[in-house]
Amino acid sequence: MSTRLNGIIERFERGERVFATFASPDPASAIALRGTDYDAVIFEAEHKPWDAPELRDALQYLLDRRQINEAETLAPSLTPIVRIPPNGKERSQWHAKQALDLGAYGIIWPHVDTVDDARNAVEACRYPGLDQHDRNEPFGTRGDSPAWAAKYWGLPVDEYYGRADVWPLAPAGEILVGLMIESVRAIDNLEAILDEVPGIGMILIGEGDLSQELGVPRQFEDPLVREHRDRVVEIGRAKGVPVGHPHVTERNVDEVLEQGYQFLMSAPVTTYPGLERGRAATKND
């Protein structure tokens, strides 16, 4: 019986790949994904409207009563995290606070370009405390309103406090901080970000914005895009931080696995052949 609630973290700790997709943060999308073979979903609120009540309902509709009844753990079969609207340099933390307060197991931060952007992301996902100077930095700034999230996780509030910290900075933490690396500046700063800001659980390459900056919009296999993408993978591997590929298809899944990506994302569909091929390719990993 697993004691982990965040299935993404559990798979990373076991050295396994995570298969995920984007979805609109609304009940219809959640119902469509419920019962699929994905490990995780990123509810997309950067390019979709931010609507906290809709997100709350989506999180609820994602739960499967049969799975809950049959499971030997409180962990959901499909782990929900949220990509929030503001990017790193805007310093807006309230979207992250509301998503976590509704029960999300992690936050994806768009457009993180600098060490300060990354530190802000981790701080926003941690609670403060009197013992902060005895804890590892970055220190927390998350506001206190745990009741809804604790109920969603199926925990009493005091236990939620003990587990609602950022992994791997807090080894028992269940909250995943993911950074979108989607500019040349971000790639140039990535080594410093990972060296100076503990608590980053995943890097997700933003190929769309990166390709725009490189002058080849959405030409993801352009040599220039591939060169920059490969740098991110190389740095992530060297620092021991999982890297995510946002555009996995049946055609490229074998190459993506060979390159060492650990978080594989498809287009927002309920099933796709790349997932099945990826599962088959990694079943003995």
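Predicted model: local features only at pLDDT ≥ 70, side-chain atom pairs only at ≥ 80, totals over all residues.
User: Why is the pair of tryptophan 50 and tryptophan 94 called edge-to-face?

Analyst: The two ring centres are 6.4 Å apart, with 85 degrees between the planes. Rings pair if their centres lie within 6.5 Å, and planes over 60 degrees apart count as edge-to-face; therefore tryptophan 50 and tryptophan 94 form an edge-to-face pair.

User: What makes this pair a tie between parts of the chain?

Analyst: Tryptophan 50 lies in the loop between strand S2 (40–44) and helix H3 (52–62), whereas tryptophan 94 belongs to helix H5 (residues 94–101). The pair therefore ties together parts that are 44 residues apart in sequence.

User: Why does tryptophan 50 count as partly exposed, and why does tryptophan 94?

Analyst: Buried means under 20% relative accessible area and exposed means over 50%. Tryptophan 50 has 21% relative accessibility, so it counts as partly exposed. Tryptophan 94, with a relative accessible area of 41%, is therefore also partly exposed.

User: How do you know that tyrosine 105 and tryptophan 153 are stacked?

Analyst: Their ring centres are 4.8 Å apart and their planes are at 0 degrees. Because planes under 30 degrees apart count as stacked, this pair is stacked. Tyrosine 105 lies in the loop between H5 and strand S4 (106–109), and tryptophan 153 lies in helix H7 (residues 147–153), so the pair ties together parts that are 48 residues apart in sequence. Ring pairs also link Tyr105, Trp153 and Tyr160 into a cluster.

User: Why are tyrosine 105 and tryptophan 153 called buried?

Analyst: The cut-off for buried is under 20% relative accessible area. Tyrosine 105 has 1% relative accessibility, so it counts as buried. Tryptophan 153 is at 1% relative accessibility and therefore counts as buried. Trp153 is also among the residues that touch the most other members of the largest nonpolar core, which has 88 residues.

User: What makes strand S1 (residues 18–23) mostly covered?

Analyst: Of the 6 residues in S1, 6 are buried. Val18, Ala20 and Phe22 are buried on one side, and Phe19, Thr21 and Ala23 on the other, giving cover on both faces.

User: How do you know that S1 pairs with S9 and with S2?

Analyst: Two strands pair if DSSP finds at least two bridges between them. S1 is joined to strand S9 (residues 263–266) by 4 bridges, and these strands run parallel; valine 18 stands opposite phenylalanine 263 in S9. There are 4 bridges between S1 and S2, which run parallel, and alanine 23 stands opposite phenylalanine 43 in S2. Both pairings therefore meet the requirement of at least two bridges.

Technical notes: Residues numbered from 1 in each chain as written. Heavy atoms only, no water. Core = buried A, V, L, I, M, F, W, Y, C linked by side-chain atoms within 4.5 Å. Buried < 20%, exposed > 50% of the residue type's maximum accessible area, 1.4 Å probe, protein only. Phe/Tyr/Trp six-rings, centres within 6.5 Å; stacked < 30°, edge-to-face > 60°.
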